[in-house]
2 protein chains.
Amino acid sequence: MQRITEQRRVLLEELQATKRHPTADELYETVRCRLPNISLGTVYRNLDLLVRSGSIRKLDKAGGQARYDADLSEHLHVRCLHCGAIADLPDDGALKLEIPLPVIPSYAITRYRLEFEGTCPGCSAGTT
Amino acid sequence: MQRITEQRRVLLEELQATKRHPTADELYETVRCRLPNISLGTVYRNLDLLVRSGSIRKLDKAGGQARYDADLSEHLHVRCLHCGAIADLPDDGALKLEIPLPVIPSYAITRYRLEFEGTCPGCSAGTT
DNA sequence: AATGCTATTAATAATGATTATCGATACTGA
DNA sequence: TCAGTATCGATAATCATTATTAATAGCATT
Ligand SMILES: [Mn+2]
Ligand SMILES: [Mn+2]
Ligand SMILES: [Zn+2]
Ligand SMILES: [Zn+2]
């Protein structure tokens with residue numbers, strides 16, 4: 001009962017084709033080249049469906065637009081504080097983080113959120 | 001030129017008097033007992049001023065209300081996925097996390113966000 | 001005390017990302 | 001074929017937060 005519509009398929013394809021962690025807005029612009037009549041609501045609806053079915057990840061952020069990632073492999077992100085762009089951290093080398101879940105009486109801690117922040121190459125070039 | 005208004009002082013006092021990490025809304029209700037005419041905009045404005053002056057911390061969250069903390073000591077938080085409540089992690093014992101900032105060429109990584117998630121005692125009691 | 005200056009306020013409107021609604025359309029399977 | 005329903009595009013609504021604005025209050029100088 002979960003159809004594979006053109007809109008959903010193209011959306012997933014375009015997200016899988018980029019390493020840029022685009023926002024719903026950016027994805028909307030991209031997808032419009034192939035589906036000129038798609039509406040922004042459809043983009044949001046299908047991104048939500050894809051997240052819920054486990055096909056993509058949502059990288060949300062207070063006070064800004066969420067970004068989406070079709071790379072389901074375990075990896076961490078760094079977010080630029082100036083432009084909001086997200087980049088993958090290479091997990092080669094020193095970054096083998098093992099974060100143990102804390103144990104608190106009667107509190108069931110199931111997971112954590114970890115994200116790095118800084119200034120991306122583009123924005124540090126502008127701030128010369 | 002930064003006056004210490006009654007509204008600002010009471011707001012800070014009430015936040016310092018609780019361990020509950022209240023939202024702007026909750027703080028608004030609390031403060032109205034002492035300042036019945038305060039407006040929600042004033043609460044937001046002064047919380048923002050207090051954050052910017054380093055007197056309190058803001059714990060924001062995508063798709064929900066931000067919460068505020070007057071405890072400036074270094075400590076971590078756990079957020080309940082059901083009710084949104086935030087609790088402090090006791091930093092005694094095993095939780096001496098040392099997270100090294102990753103080094104990426106031309107990317108200036110300055111800090112990280114780490115937050116745990118789970119189910120608080122109240123919500124796990126309800127889900128019996 | 002009177003004047004001028006500016007920070008702040010309460011009330012209210014606006015913003016912006018996301019979600020909900022709805023009538024129309026397109027699949028799907030009996 | 002045809003009922004049932006998933007999805008669509010368009011558009012309105014939501015909701016936390018921020019901006020605007022006219023009025024007021026604090027402070028300094030005359
Ligand atoms: Mn990624
Ligand atoms: Mn705390
Ligand atoms: Zn940047
Ligand atoms: Zn809870």
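Q: Which element gives the most to the surface near DNA strand D?
A: In this predicted model, local features need pLDDT of at least 70 and side-chain atom pairs pLDDT 80 or more, while totals for chains, interfaces and linings use all residues. Residues are numbered from 1 along each chain as its sequence is written, chains are lettered from A and ligands numbered from 1 in written order, and side-chain values use heavy atoms, leaving out hydrogens and water. With 3 residues, the most comes from H3(A).

Q: How far is a phosphate oxygen of DNA strand D from an N or O atom in the side chain of Arg45(A)?
A: Arg45(A) is among the residues that come nearest to DNA strand D. Asn46(A) also reaches a phosphate oxygen, with a polar side-chain atom at 3.2 Å. For the side chain of Arg45(A), the distance is 2.4 Å.

Q: Which protein residues are the donors of the zinc ion (ligand 3)?
A: Donors are N, O or S atoms within 2.8 Å of the metal (3.2 Å for Na, K and Ca). Here they follow the spacing C-x2-C-x36-C-x2-C along the chain. At 2.2 to 2.3 Å from the ion, the SG atoms belong to Cys80(A), Cys83(A), Cys120(A) and Cys123(A).

Q: Are Cys80(A) and Cys123(A) buried or exposed?
A: Buried means under 20% relative accessible area, exposed over 50%, with partly exposed in between (1.4 Å probe, protein chains only). By that cut-off, Cys80(A) and Cys123(A) are both buried.

Notes
Near = heavy atom within 4 Å. Polar contact = N/O pair within 3.5 Å; in protein donor to acceptor, adjacent residues only side chain to side chain. Helix = DSSP H or I, 4+ residues; strand = E, 2+ residues; numbered from the N terminus.
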